[in-house]
Amino acid sequence: MSKLPKALQGLSLPVIASPLFIISNPQMVIAQCKAGVVGSVPALNARPAAQLEDWLAEITETLDAYNRAHPDQPAAPFAINQIVHKSNDRLDHDMAVCAKYRVPIVITSLGAREDVNQAVHNWGGVVLHDIINNKFAHKAVEKGADGLVAVAAGAGGHAGGKSPFALVQEIRQWFDGPLALSGAIASGGAVLAAQAMGADFGYIGSAFIATHEARASEAYKQAIVDGNSDDIVYSNLFTGVHGNYLAPSIRAAGLDPDNLPESDPSKMNFGGASTKAWKDIWGCGQGIGAISSVVSVAELVAQLRSEYQAARKRLALG
């Protein structure tokens, strides 16, 4: 059993909702946390930068009020995602705002940094760092990350190419801290499978795009409902980092999803050009075949919980 910090204990379902660039918002985070799973939002979704403080005030005040009214079933904690790559010129500002509100969980991406980890620890927060291979996992923990998000093949948006079986197995040979698994997880059975492999949590993104609270177009949501793994394209063209995207959005942009050129990784930019890329080209994971309708966050989590419990019963009976 992993050593879990207090912030990650007692969830009603072992799920962390992944931070969705452009799409995640306070309404979604609050609904996720009230439903008993960790809700998250990228700091960069707040634009202009000053809006981040408004968002954190809304999230913390709303969840605090909810917890006072429901002391026996408090909300799950929330997380803020920070891009720690050098292209993010907002990082210092956004970290200062997170410190003010003592954000319980910070998910760091694109580089592991000791100074960022220490800053989070100074206010009592927990750092989860997302990685795509065992080498990066070692670096993240060596630099002070408390836990890892293993982004395996099939994950939506920026994703690695490793099988989840291989990636989790290699990490668990040396790391016994918090571990979330990302990669085509869109059902309660898949969450249980992630745990069976050795992860503590399923890390779910694409399924939450097809919810009423998501800040995504109706066409985007419907494409997820209508699509399956055959509609997912893996490319580094749009941001310089490989990721999974919905083919219909690529065609709508006038490109051939079956013949995309390679991009220069040194050109990646998460504050400017990529904003348009992520708006027009829809990130999505391979697990969307499990998604059959657009529902509320509460309904989705209830469905995941029901599927998770049914999967556990099947194993017990077997």
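**Figure 1. A salt bridge joins the side chains of Glu-53 and Lys-100.** In this predicted model, the N-to-O distance of the pair is 2.3 Å. The two residues belong to distant parts of the chain, 47 residues apart: Glu-53 lies in helix 2 (residues 51-69) and Lys-100 in helix 3 (residues 91-100). Glu-53 is partly exposed, with a relative accessibility of 26%. Lys-100, at a relative accessible area of 56%, is exposed because that value lies over 50%. The salt bridges of the model number 6.

**Figure 2. Asp-94 and Arg-90 form a salt bridge between buried residues.** The side chains of Asp-94 and Arg-90 meet at 3.1 Å, N to O. Asp-94 has a relative accessibility of 0% and therefore counts as buried. Arg-90, at 13%, is also classed as buried, because the value falls under 20%.

**Figure 3. Arg-113 is joined to Asp-115 by a salt bridge.** The closest N and O atoms of Arg-113 and Asp-115 are 2.7 Å apart. Arg-113 is partly exposed, its relative accessible area being 29%. Asp-115 is likewise partly exposed, with a value of 46%.

**Figure 4. Helix 3 has a buried side and an opposite face with exposed residues.** The buried residues of helix 3 are Leu-91, Asp-94, Met-95, Val-97 and Cys-98. They lie on the same side of helix 3, because they cover an arc of only 160 degrees around the axis. In an α-helix there are 3.6 residues a turn, so residues three or four places apart point the same way. The packing partners of the buried residues of helix 3 are helix 2, strand 3 (78-83) and helix 4 (114-122). On the face turned away from the buried side, helix 3 carries the exposed residues Asp-92 and Lys-100. Arg-102 follows helix 3 and has a positive phi, near 45 degrees.

Figure 5. Strands of a sheet pair through backbone hydrogen bonds, either parallel or antiparallel. Strand 7 and strand 11 (residues 243-246) run antiparallel and are joined by 2 bridges. His-158 has Gly-243 of strand 11 as its bridge partner.

**Figure 6. The second largest pocket is lined by 23 residues.** Its volume is about 510 Å³. Of the lining residues, Asn-67, Pro-74, Ala-75, Ala-76 and Pro-77 lie nearest the centre of the pocket. Helix 2 gives the most to the lining of this pocket, contributing 5 residues.

**Figure 7. Gln-32 is a buried residue of helix 1.** Helix 1 comprises residues 26-34, and Gln-32 has its place there. With a relative accessibility of 0%, Gln-32 counts as buried. When residues up to four places away in sequence are not counted, Gln-32 touches Ala-17, Val-37, Gly-39, Ser-40, Phe-208 and Val-297.

Key. Residues are numbered from 1 along each chain as its sequence is written. This is a predicted model: local features need pLDDT of at least 70, side-chain atom pairs count only at pLDDT 80 or more; totals for chains, interfaces and linings use all residues. Side-chain values use heavy atoms; hydrogens and water are left out. A salt bridge is a side-chain nitrogen of Lys or Arg within 4 Å of a carboxyl oxygen of Asp or Glu. Helices (H or I, at least four residues) and strands (E, at least two) are DSSP runs, numbered from the N terminus. Buried means under 20% relative accessible area, exposed over 50%, partly exposed in between (1.4 Å probe, protein chains only). Two strands pair if DSSP finds at least two bridges between them. The arc is that of the directions from the helix axis to the C-beta atoms. Contact means heavy atoms within 4.5 Å. On a 1 Å grid over the protein atoms alone, a cavity is a set of points where a 1.4 Å probe fits but cannot get out, and a pocket is an open set with protein on both sides within 12 Å along at least five of seven lines; lining residues have an atom within 4 Å of a point. Grid points are joined across faces, edges and corners, and a volume is the space filled by probe spheres set on the points.
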